[in-house]
Amino acid sequence: MSEQKSPVAKIKGISDLQSKLASESPEDDASQLPATATDTSTTKRATKTHYRALIVDDNAAFQKLLGLSLSMHPQIGPIDCADSGESAIEKAKATYYDIIFMDALMPGIDGYQACALLRENPDYKHTPIIMVSGLTEPYDEVKAFIAGSTTYVRKPVQQIPFKALITRVLNLLEYRVS
C-alpha cells in the first residue's frame with residue numbers, strides 16, 4: 001500500500017477502521033464502513049466524504065448565490081438553507097453541519113443569538129460559524145465574535161477573498177479529522 005493516506009484513514013479515533021482499511025485492497029469502497037462508532041463525535045465524521053454546510057439567511061437570492069459559490073468546492077457536500085435563526089437551530093438539532101454561514105440580521109432570533117445558542121450545544125463548540133452580513137460597523141464584527149462567530153464576512157461577498165477563506169476553513173476541518 002502506498003504511503004499516502006486516504007481521507008477516511010486520516011480520521012481521528014478510529015484505529016480499528018484504519019487497520020481494516022490498511023488490510024483492504026484499494027478498490028474497496030469507503031461506503032462499506034460501519035454506520036456507527038462508540039464515540040459519537042467520531043460517528044459524525046467517520047461516515048463523511050464531504051462536509052455538510054448550512055446557509056442561514058432570510059434572503060433567498062443570497063442563499064442561492066452563496067450556495068453556488070460553495071458548490072464550486074468539491075469538499076463541500078450537501079448544502080441546506082434556513083431563513084431564520086429558529087429554523088437554523090431546529091435544522092442543527094436534526095442534522096449535524098460541519099460549517100455554518102449565518103446572516104446577522106433576520107426576523108425573530110437574529111444571527112448573533114442563533115450563533116450563541118449553537119455554541120451552547122457541545123456538538124457545535126468548534127464548528128466554523130461564519131457570520132455574513134451587510135453591517136459594516138466595527139461593533140457589528142465584535143458583536144459577532146462575542147456571540148461565537150469564527151469569522152465575519154461583509155456583504156456583498158467578494159469572491160476571491162471568500163474562496164481563500166473557504167479553502168482555509170476546509171483545511172482546518174481536514175486538520176481536525178486527521
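A salt bridge here is a side-chain nitrogen of Lys or Arg within 4 Å of a carboxyl oxygen of Asp or Glu. With that in hand I opened the model, which is a predicted one, and went to Glu141 and Arg154: their side chains meet in a salt bridge, 3.1 Å from N to O. The pair links distant parts of the chain, with Glu141 in helix H6 and Arg154 in strand S5, 13 residues apart.

**Entry: the overall layout**

I stepped back for the whole chain. I found seven helices and five strands. Read along the sequence, they follow the pattern α-α-β-α-β-α-β-α-β-α-β-α. Of the 178 residues, 40% are buried. I also looked up contacts with a separation of 6 or more: residues 24 or more positions apart account for 62% of them.

**Entry: the other salt bridges**

How many salt bridges does the structure hold? I have five in my notes. One of them joins Asp57 to Lys155, with the closest N and O atoms 2.7 Å apart. This pair spans 98 residues, from the loop between S1 and helix H3 (60-71) to the loop between S5 and H7. Asp57 counts as buried, at 1% relative accessibility, while Lys155 counts as partly exposed, at 23%.

Lys155 also forms a salt bridge with Asp103, the closest N and O atoms being 3.5 Å apart. Here the partners are 52 residues apart, Asp103 sitting in strand S3. Asp103 counts as buried at 5% relative accessibility. Through shared partners, Asp57, Asp103 and Lys155 join into one network.

While at Lys155, I noted its peptide bond to Pro156, which is cis, with omega about -5°. Pro156 lies in the loop between strand S5 (151-154) and helix H7 (159-177).

**Entry: the nonpolar cores**

Next I turned to the largest nonpolar core, which has 22 residues. Leu54, Val56, Ile100, Met102, Leu118, Tyr124 and Met131 touch the most other members. Two or more residues each come from strand S1 (51-56), helix H4 (85-94), strand S3 (99-103), helix H5 (111-120), strand S4 (129-133) and helix H6 (138-147). H5 gives the largest share, four residues. Apart from this core lies another, of 20 residues, among them Tyr51, Leu70, Leu165 and Ile166.

Leaving out residues up to four places away in sequence, Val56 touches Ala82, Ser84, Gly85, Ala88, Ile100, Phe101, Met102, Asp103 and Met106.

**Entry: strand S4**

Met131 in S4 is the bridge partner of Met102.

In H4, I listed Gly85, Ala88, Ile89 and Ala92 as buried. Viewed down the helix axis, the buried residues of H4 fall within an arc of 100°, so they line one face. They pack against S1, strand S2 (76-82) and H5.

For H6, the buried residues are Asp140, Ala144 and Ala147. Their arc, seen down the axis of H6, is within 65°, so they too line one face of the helix. On the other side of H6, Pro138, Tyr139 and Ile146 are exposed. The cover over the buried residues of H6 includes H5, S4 and S5. Just after H6, I saw that Gly148 takes a positive phi of about 115°.

Asp140 is buried yet has no salt bridge, and Lys143, the nearest side chain of opposite charge, is 6.3 Å away. Beyond residues up to four places away in sequence, Asp140 touches Tyr112, Leu135 and Tyr152.

**Entry: His50**

My last stop was His50, in the loop between helix H2 (40-46) and S1. Is His50 buried or partly exposed? I have His50 down as partly exposed, at a relative accessible area of 35%. Setting aside neighbours within four places in sequence, His50 contacts Pro74, Gln75, Ile76, Gly77 and Asp98. The C-alpha atoms of His50 and Pro74 are separated by 7.8 Å, though the two are 24 residues apart along the chain.

Key: Residues numbered from 1 in each chain as written. Predicted model: local features only at pLDDT ≥ 70, side-chain atom pairs only at ≥ 80, totals over all residues. Heavy atoms only, no water. Core = buried A, V, L, I, M, F, W, Y, C linked by side-chain atoms within 4.5 Å. Buried < 20%, exposed > 50% of the residue type's maximum accessible area, 1.4 Å probe, protein only. Contact = heavy atoms within 4.5 Å. Arc of directions from axis to C-beta. Lys, Arg positive; Asp, Glu negative; His and termini not counted. Pairing = 2+ DSSP bridges.
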